[in-house]
Amino acid sequence: MIKKAVTKILDIFKPKGNNTGLANDRLTNKRLLEELKSHFKSVLDVESVGDRMLYPMSFNILMESSDYNDRKQSLPFILPQVVAAFYGIIEENKKEFSDYTPPAKYWFFQFSACNVGTIPTDNSTPLIVRKGHITTVANLLTFDIKKASNIRVDSNVRVSIKLDDSDVMNDVNVNLGAIQNLDILSEGTFIYNFDNTLNRDTRLIEENSNMAETYGLAELSYSRDGKNYRFSMKDNLIHISGKNEMREGRAFFILENADIKDSHVQIKYVPTEKRFQIAAFGPTRLNSRLLAESSGGDVMWYDLANNSSIFINEEIRVKFEIK
């Protein structure tokens with residue numbers, strides 16, 4: 001019964017016509033280029049209004065792991081061609097939509113190798129990651145499915161999804177947690193600054209992935225009541241506080257617990273020494289070690305290693321990962 005149901009779903013996405021055989025199972029660079037161009041134009045046509053041109057700036061390309069391994073060495077050479085093609089499409093549409101100001105600061109491409117599986121959406125039919133094909137998730141703003149910060153991963157994001165062998169582009173709600181749990185095995189992320197001159201000379205389209213401020217210095221995460229929370233550390237000093245914390249800003253990681261005090265834990269990055277340190281102002285264990293509590297101006301700092309576990313009040317475990 002289950003086997004028949006799975007077979008039926010897969011049949012929905014089989015290419016139509018005579019595109020069968022081994023050749024159709026091969027993911028080529030040309031297919032990647034054509035699919036991304038098609039998806040870009042489809043979103044532009046749907047989203048643009050008045051004199052405002054709107055188009056996706058973020059592309060998350062999911063593919064079967066062996067396809068990813070075959071293509072990954074080519075990606076740095078393919079993407080300048082993709083960006084140049086996007087500029088060409090924007091140029092073609094300038095007469096109708098004169099305001100082509102980019103909705104984001106840069107182009108974002110994330111290629112992820114996944115085990116074959118499904119992406120739950122608000123549609124009745126799931127979209128499938130399968131060999132020989134790519135599934136593209138596009139968004140107007142930059143949308144990193146692996147490093148989304150300060151959000152609940154079980155929240156939904158409005159995106160467009162398109163299979164490369166389908167003429168249909170679905171505008172759907174995608175659950176972040178569902179995508180992040182697709183068993184992504186590896187990833188390749190590329191960033192290109194937007195060129196307001198729309199210059200299509202690929203020699204001038206350079207990757208600019210050295211954007212530490214975009215991704216932060218480290219990531220902290222924890223789970224509670226079935227929800228996963230993530231926080232990107234973008235300042236040299238951050239505070240971990242409970243939900244009664246009144247201060248706001250990106251330097252405060254607020255945990256969903258009223259019993260945790262303000263600035264219960266502080267974490268700092270020492271640029272000159274390229275290391276992280278932690279100080280506790282309430283009951284805290286670092287891995288299996290109980291930290292001495294600091295008070296007032298007498299702060300006791302301890303080295304904080306990558307992939308450490310920070311136990312706060314023995315109730316919440318915060319995982320610390322250096323980026």
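This is a predicted model: local features need pLDDT of at least 70, side-chain atom pairs count only at pLDDT 80 or more; totals for chains, interfaces and linings use all residues.
User: Which residue counts as exposed at 60% relative accessibility, and where is it found?

Analyst: Glu206 has 60% relative accessibility, so it counts as exposed. Glu206 is found in the loop between strand 8 and helix 6 (212–215). Leaving aside residues up to four places away in sequence, Glu206 touches Ile191 and Tyr192. The C-alpha atoms of Glu206 and Asn193 are 7.9 Å apart in space, while the two residues are 13 apart in sequence.

User: Is Ser263 buried or exposed, and where is it found?

Analyst: Ser263 counts as buried, because its relative accessibility is 10%. This residue is found in the loop between strand 12 (252–254) and strand 13 (265–270).

User: What can be said about nonpolar side chains, and how many residues has the largest nonpolar core?

Analyst: In soluble globular proteins, nonpolar side chains tend to be buried together. In this model, the largest nonpolar core has 36 residues. Those with the most contacts inside this core are Phe40, Tyr55, Ile90, Trp107, Phe109, Phe111 and Phe194. The elements giving two or more residues to the core are helix 2 (29–47), strand 1 (58–64), helix 4 (75–92), strand 2 (106–114), strand 5 (134–139) and strand 8 (184–193). Helix 4 provides the largest share, 10 residues. Another core, of 26 residues, lies apart from this one, and among its members are Ile238, Val265, Ala280 and Ile310.

User: How many residues of strand 2 are buried, and which way do they point?

Analyst: Nine of the nine residues of strand 2 are buried, so the strand is largely enclosed by the rest of the structure. Tyr106, Phe108, Gln110, Ser112 and Cys114 point one way, whereas Trp107, Phe109, Phe111 and Ala113 point the other way. The residues on both sides are all buried.

User: How many bridges join strand 1 to strand 2, and do the strands run parallel or antiparallel?

Analyst: Strand 1 and strand 2 run parallel and are joined by seven bridges. Within this pair, Phe59 has Phe109 of strand 2 as its bridge partner.

User: Which way do strand 13 and strand 14 run, and how many bridges join them?

Analyst: Strand 13 and strand 14 run antiparallel, with six bridges between them. Val270 has Arg275 of strand 14 as its bridge partner. The hairpin of these strands has four residues between them, and Lys274 takes a positive phi near 50 degrees there.

User: How many residues of strand 14 are buried, and how is this strand joined to strand 17?

Analyst: Strand 14 (residues 275–280) is mostly covered, with five of its six residues buried. Three bridges join strand 14 to strand 17 (residues 302–304), and these two strands run antiparallel. Here Ile278 stands opposite Tyr302 of strand 17.

Note on methods
Residues are numbered from 1 along each chain as its sequence is written. Side-chain values use heavy atoms; hydrogens and water are left out. A nonpolar core is a set of buried Ala, Val, Leu, Ile, Met, Phe, Trp, Tyr and Cys residues joined through side-chain atoms within 4.5 Å. Buried means under 20% relative accessible area, exposed over 50%, partly exposed in between (1.4 Å probe, protein chains only). Contact means heavy atoms within 4.5 Å. Two strands pair if DSSP finds at least two bridges between them.
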